[in-house]
Amino acid sequence: MEFLDAQMTALSAMMRTTRKLMAFNPDYRLKMELVNINALLSDERMAFQTAVGLHVDLAIDLDERLNNVPVMIDASVLVQALLNLATNARAAMIEVPIREFRIETALKDGSILIFVSDSGM
(Lines give C-alpha, C1' and ligand atoms only; values in the text may rest on other atoms or scores of the structure.)
Protein backbone atom coordinates (compact mmCIF):
# COMPACT_ATOMS: atom_id res chain seq x y z
CA MET A 1 0.00 0.00 0.00
CA GLU A 2 2.86 2.41 0.80
CA PHE A 3 4.29 1.75 -2.67
CA LEU A 4 0.97 2.67 -4.28
CA ASP A 5 0.74 5.87 -2.21
CA ALA A 6 4.26 6.84 -3.27
CA GLN A 7 3.41 6.17 -6.91
CA MET A 8 0.24 8.29 -6.71
CA THR A 9 2.18 11.12 -5.08
CA ALA A 10 4.83 10.96 -7.81
CA LEU A 11 2.18 10.89 -10.54
CA SER A 12 0.44 13.94 -9.08
CA ALA A 13 3.75 15.80 -8.92
CA MET A 14 4.50 14.92 -12.56
CA MET A 15 1.07 16.15 -13.65
CA ARG A 16 1.56 19.46 -11.81
CA THR A 17 5.00 19.88 -13.38
CA THR A 18 3.59 19.23 -16.85
CA ARG A 19 0.91 21.88 -16.32
CA LYS A 20 3.57 24.33 -15.15
CA LEU A 21 5.70 23.69 -18.23
CA MET A 22 2.71 24.11 -20.52
CA ALA A 23 2.25 27.62 -19.14
CA PHE A 24 5.34 28.63 -21.16
CA ASN A 25 3.62 27.61 -24.41
CA PRO A 26 2.36 30.68 -26.31
CA ASP A 27 -0.73 28.69 -27.33
CA TYR A 28 -1.50 27.85 -23.70
CA ARG A 29 -5.01 28.74 -22.63
CA LEU A 30 -5.59 29.60 -19.02
CA LYS A 31 -7.20 26.79 -17.07
CA MET A 32 -9.36 28.74 -14.67
CA GLU A 33 -10.60 26.78 -11.69
CA LEU A 34 -11.71 27.34 -8.13
CA VAL A 35 -8.63 26.95 -5.94
CA ASN A 36 -7.96 27.27 -2.25
CA ILE A 37 -4.80 29.43 -2.18
CA ASN A 38 -3.65 28.14 1.21
CA ALA A 39 -4.04 24.51 0.15
CA LEU A 40 -2.23 25.19 -3.13
CA LEU A 41 0.74 26.83 -1.41
CA SER A 42 0.91 24.02 1.15
CA ASP A 43 0.79 21.37 -1.59
CA GLU A 44 3.61 23.07 -3.52
CA ARG A 45 5.90 23.48 -0.48
CA MET A 46 8.43 20.94 -1.73
CA ALA A 47 8.57 22.58 -5.17
CA PHE A 48 9.27 25.96 -3.55
CA GLN A 49 11.93 24.43 -1.30
CA THR A 50 13.61 22.78 -4.28
CA ALA A 51 13.55 26.02 -6.28
CA VAL A 52 14.99 28.15 -3.50
CA GLY A 53 17.46 25.48 -2.38
CA LEU A 54 17.67 23.13 0.56
CA HIS A 55 20.12 25.48 2.29
CA VAL A 56 17.44 28.19 2.56
CA ASP A 57 14.84 28.39 5.33
CA LEU A 58 11.41 28.35 3.70
CA ALA A 59 8.53 29.93 5.61
CA ILE A 60 4.95 29.75 4.37
CA ASP A 61 2.62 31.75 6.62
CA LEU A 62 -1.03 31.26 5.70
CA ASP A 63 -3.90 33.46 6.84
CA GLU A 64 -6.39 30.97 8.32
CA ARG A 65 -9.30 33.12 7.15
CA LEU A 66 -8.50 31.95 3.61
CA ASN A 67 -8.84 28.24 4.40
CA ASN A 68 -12.39 28.14 3.04
CA VAL A 69 -12.18 30.86 0.39
CA PRO A 70 -12.06 29.52 -3.18
CA VAL A 71 -10.48 31.76 -5.82
CA MET A 72 -10.90 31.49 -9.60
CA ILE A 73 -7.34 31.30 -11.00
CA ASP A 74 -5.05 29.20 -13.15
CA ALA A 75 -3.10 27.54 -10.33
CA SER A 76 -0.18 26.54 -12.56
CA VAL A 77 0.44 30.16 -13.56
CA LEU A 78 0.47 31.32 -9.93
CA VAL A 79 2.80 28.50 -8.90
CA GLN A 80 5.10 29.23 -11.84
CA ALA A 81 5.31 32.90 -10.86
CA LEU A 82 6.19 31.95 -7.27
CA LEU A 83 8.76 29.40 -8.48
CA ASN A 84 10.36 32.12 -10.61
CA LEU A 85 10.58 34.40 -7.57
CA ALA A 86 12.09 31.53 -5.54
CA THR A 87 14.71 30.92 -8.21
CA ASN A 88 15.58 34.63 -8.33
CA ALA A 89 15.78 34.71 -4.54
CA ARG A 90 18.18 31.78 -4.56
CA ALA A 91 20.56 33.72 -6.79
CA ALA A 92 20.23 36.86 -4.63
CA MET A 93 21.09 34.98 -1.43
CA ILE A 94 24.38 33.42 -2.48
CA GLU A 95 26.54 35.66 -0.32
CA VAL A 96 24.27 36.40 2.65
CA PRO A 97 24.73 34.55 5.96
CA ILE A 98 21.01 34.19 6.76
CA ARG A 99 18.99 32.73 3.93
CA GLU A 100 15.23 32.89 4.17
CA PHE A 101 12.43 32.81 1.62
CA ARG A 102 8.94 33.65 2.85
CA ILE A 103 5.48 33.41 1.29
CA GLU A 104 2.53 34.87 3.18
CA THR A 105 -1.17 35.11 2.46
CA ALA A 106 -3.53 37.71 3.84
CA LEU A 107 -7.09 38.87 3.47
CA LYS A 108 -7.60 42.63 3.39
CA ASP A 109 -10.67 44.61 2.35
CA GLY A 110 -12.07 41.62 0.45
CA SER A 111 -8.85 41.03 -1.49
CA ILE A 112 -6.49 38.10 -1.18
CA LEU A 113 -2.86 39.19 -0.92
CA ILE A 114 0.26 37.09 -1.41
CA PHE A 115 3.49 38.55 -0.08
CA VAL A 116 6.87 37.16 -1.07
CA SER A 117 10.17 38.17 0.53
CA ASP A 118 13.73 36.93 0.84
CA SER A 119 16.88 37.87 2.68
CA GLY A 120 18.92 38.41 -0.48
CA MET A 121 20.75 41.50 -1.59
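Predicted model: local features only at pLDDT ≥ 70, side-chain atom pairs only at ≥ 80, totals over all residues.
Biologist: Which residues make up the uncovered face of E3?
Modeller: Met 72 is found in strand E3, residues 70-73; strands here are DSSP runs of at least two residues and helices of at least four, numbered from the N terminus. Val 71 and Ile 73 form the covered face of E3. The uncovered face is made by Pro 70 and Met 72.

Biologist: Which residue of E3 stands opposite Asn 36?
Modeller: Strand E1, residues 33-36, runs antiparallel to E3 and is joined to it by four bridges; two strands pair if DSSP finds at least two. Within E3, the residue opposite Asn 36 is Pro 70.

Biologist: Which strands stand at the edges of the open sheet, and why is one side of each left without a neighbour?
Modeller: The sheet has three strands in the order E2-E4-E5, with mixed pairing. One side of each edge strand lacks a neighbour because each has a single partner strand; these edge strands are E2 and E5 (111-118).

Biologist: Over how many bridges do E4 and E5 pair?
Modeller: Strands of a sheet pair through backbone hydrogen bonds, either parallel or antiparallel. E4 covers residues 100-108 and pairs with E5 in the antiparallel sense. The number of bridges is eight.

Biologist: Is Thr 105 buried or exposed?
Modeller: Thr 105 lies in strand E4, opposite Ile 114 in E5. Its relative accessible area is 7%, so Thr 105 is buried.

Biologist: How far apart in space are Thr 105 and Leu 62?
Modeller: In sequence, Thr 105 and Leu 62 are 43 residues apart. In space, C-alpha to C-alpha, the distance is 5.0 Å.

Biologist: Where in the protein chain is confidence lowest?
Modeller: The chain averages a pLDDT (the predictor's confidence in each residue, from 0 to 100) of 86, and 79% of the residues score at least 70. Strand E2, residues 57-61, has the highest confidence, at 97. The lowest, a mean of 60 over residues 2-22, belongs to helix H1.

Notes
Residues numbered from 1 in each chain as written. Heavy atoms only, no water. Buried < 20%, exposed > 50% of the residue type's maximum accessible area, 1.4 Å probe, protein only.
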